[in-house]
Every structure is written in structure tokens, then in C-alpha cells.
Amino acid sequence: VIIFSYSSSFAPGTMPYAFLFDHLLWSHAWQIRDLQRYSEILKTVQARTAASPGTPATATEAQKVLRGWHFLYDLNLDVHEQIEDRFAFPAIKEHAKEAGKPDMESLDHGHEVVHRKVTAVNDMVKRMSETPESLPSSLPSLSQTFEDFAAEYRQHVAVEEEVVRRLVTQYMPEDAQRKVGKQISTFARAAPGAKLSLGMMKELTKDDPVKAERFRQMMPFVVRSVVAPALWVLDGELREYWSIFG
């Protein structure tokens, strides 16, 4: 969920824009992947409960629906939204000024739509967590609301990636990126999901040589080769995440 993070790892002039955009792409790749996985979870649980009317959801099914959303929203999407709204977008607006105003106003509107739709999903999941016995009867409505949000989000990030790439490349010098990068790094390391973010960065390198090389360049050896892999084994929260989305 980190956009500008670890910018201070680079010597000046070595990677003037790529590190920012890489992180944005990685964040979105992680989110899009887990949106699809959560969609599959909802469909599977809904099909099973529909085949056995009156049967409550199992503990495992409830965990996947309720805790799965916790990992996807509380530790990922919500933190990502805060980073963009509090740090990334204000910095881009500051440097792009009037030239970037139409694009940034469009992104802000997109954020408002996405926020409204993801809040609708989050409110439904909260109600379900308070009355787990309602889970089977509430799943059809939850699934429809979630798919509406997911479709909107996929469209939004596709536009966002193009706009951010263009405006940052044109208007944000490297020192400005480094400045906001330090602010975001400080925020992200203290935010919920920081360990999950690091573990997922490592996970996304497995089948992508470009991401693997960026990860090698960004992270000290001990972090990428010892700390990140160990988190998946030793950290209880990450193990739970993997039991749901793995």
C-alpha cells in the first residue's frame, strides 16, 4: 500500500521516477488480486449456503467472509486511500498546479465514488459481524454490493495509474518525490498492515522478474531474503491472511 516509500534508498539521480510508479503498481496489483480472491470466497460460501437452506455458515466460512474483508479493507484499501489523500495527491497537486487540476479533480471525484461504494460494503460486513447468523441470508446482497465496488475500483485504478505516471513524470522533481516519500514511509510503517505490505511485496516478485529486480534494488539483503520470508512463517496475522487468501 506504499506509493513513494523507500525513496531514500536510492542514490540521487539513479531512479528519478520509476520507484514511485512501481510501488503504485504493486499496491494496485495486490488489491486487484485480493478483490478477485474475495469475490471467489463470497461466491463459494453463497453457493454452499444456498444449497443447504437454513444451515448456518460454518466457522471457517464466517472467518473467510468477515476476516477476509478485514485484511482487504482495514489493512489494505483503507490505508492506501489515506496515503493517497493525505500525502500523494496533495504533493502532486502542489507541483502540477493548474496544469494538473482537471486530471486531479477527476481523480478526486473518482475517489469519492470509490469511497462511497467501499463504505457500503464495509457497513454491510460490520452488520454481519454483529449478527453472524444473518450471514447466509445477507450474502446475496453483500456479493452484489461488493462486485459493484470492485468493478468501480478496477476502472478507477486504471485511470489513476495513467494520470499519476504522467503528472509525476512531468512536474515532480526527484527531491520532491523523496520528501513526500519520507512522509509516507513514516506513516505506512506505523499503519495497520505494515507487515502484510512487506510480505506481499515479496510475494508479488515470485512470477515477475521486473518486480523481483526492483525489490532487490530497494530492499537490503536481510530484509528481502530473511525478514520478508520469515514473516509468512512466524507472524500469526500473516498466517491467517494466507489461510484465507492463499
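This is a predicted model: local features need pLDDT of at least 70, side-chain atom pairs count only at pLDDT 80 or more; totals for chains, interfaces and linings use all residues.

User: Where is H28 found, and is H28 buried or exposed?

Analyst: Burial is read from relative accessible area, and a residue under 20% is called buried. H28 belongs to helix α1, which covers residues 18-51. Its relative accessible area is 2%, so H28 counts as buried. Apart from neighbours within four places in sequence, H28 is in contact with H80, E84, Y153, V157, E160 and E161.

User: How should I read a nonpolar core, and which residues of the largest one touch the most other members?

Analyst: The idea is to follow buried nonpolar residues whose side chains touch one another. The largest core has 46 residues, and Y38, V65, W69, L142, F146 and F149 are those that touch the most other members. Two or more residues come from each of α1, α2 (59-130), α3 (135-171), α5 (194-204), α6 (209-218), α7 and α8 (236-245). Of these elements, α2 gives the most, with 15 residues.

User: Which residues does F149 touch, not counting those up to four places away in sequence?

Analyst: F149 touches L35, W69, L77, V114, K117, V118 and V121 on that count. There is also a second, separate core of 21 residues, and L24, F89, V163 and A191 are included in it.

User: Let us turn to charged side chains. How many salt bridges does a search of the whole structure find?

Analyst: Side chains of opposite charge can pair when their charged atoms come close. A search of the whole structure finds 7 salt bridges. One of them is formed by E240 and R67, with their closest N and O atoms 2.9 Å apart. Because E240 lies in helix α8 and R67 in helix α2, this pair ties together parts that are 173 residues apart in sequence. R67 is partly exposed, at a relative accessible area of 31%.

User: Which residue meets D103 in a salt bridge?

Analyst: The side chain of D103 meets that of R166, with an N to O distance of 2.8 Å. This pair links distant parts of the chain, since D103 is in helix α2 and R166 is in helix α3, 63 residues away. Both partners are partly exposed: D103 has a relative accessible area of 23%, and R166 has one of 27%.

User: Which residue forms a salt bridge with K117?

Analyst: The partner is D148, and the closest N and O atoms of the pair are 3.3 Å apart. K117 lies in helix α2 and D148 in helix α3, so parts 31 residues apart in sequence are tied together. D148 counts as partly exposed, at 39% relative accessibility. Salt bridges may also share partners, and in this way D103, E162 and R166 are joined into one network.

User: How far apart are S243 and G68 in sequence and in space?

Analyst: Separation along the chain and separation in space should be read side by side. S243 and G68 are 175 residues apart in sequence, yet their C-alpha atoms are 9.7 Å apart in space. S243 is found in helix α8 and is partly exposed, with a relative accessible area of 44%. Leaving aside neighbours within four places, S243 is in contact with Q63 and K64. A polar atom of the S243 side chain lies 2.6 Å from the backbone oxygen of E240.

User: Finally, what phi does K97 have?

Analyst: Backbone angles are read residue by residue. K97 has a positive phi of about 55°, although K97 is not a glycine. Its place is in helix α2, and at 56% relative accessibility K97 counts as exposed.

Conventions. Residues are numbered from 1 along each chain as its sequence is written. Side-chain values use heavy atoms; hydrogens and water are left out. Helices (H or I, at least four residues) and strands (E, at least two) are DSSP runs, numbered from the N terminus. Buried means under 20% relative accessible area, exposed over 50%, partly exposed in between (1.4 Å probe, protein chains only). Contact means heavy atoms within 4.5 Å. A nonpolar core is a set of buried Ala, Val, Leu, Ile, Met, Phe, Trp, Tyr and Cys residues joined through side-chain atoms within 4.5 Å. A salt bridge is a side-chain nitrogen of Lys or Arg within 4 Å of a carboxyl oxygen of Asp or Glu. A polar contact is a pair of N or O atoms within 3.5 Å; within protein, one must be able to donate a hydrogen and the other to accept it, and residues adjacent in sequence count only if both atoms are side-chain atoms.
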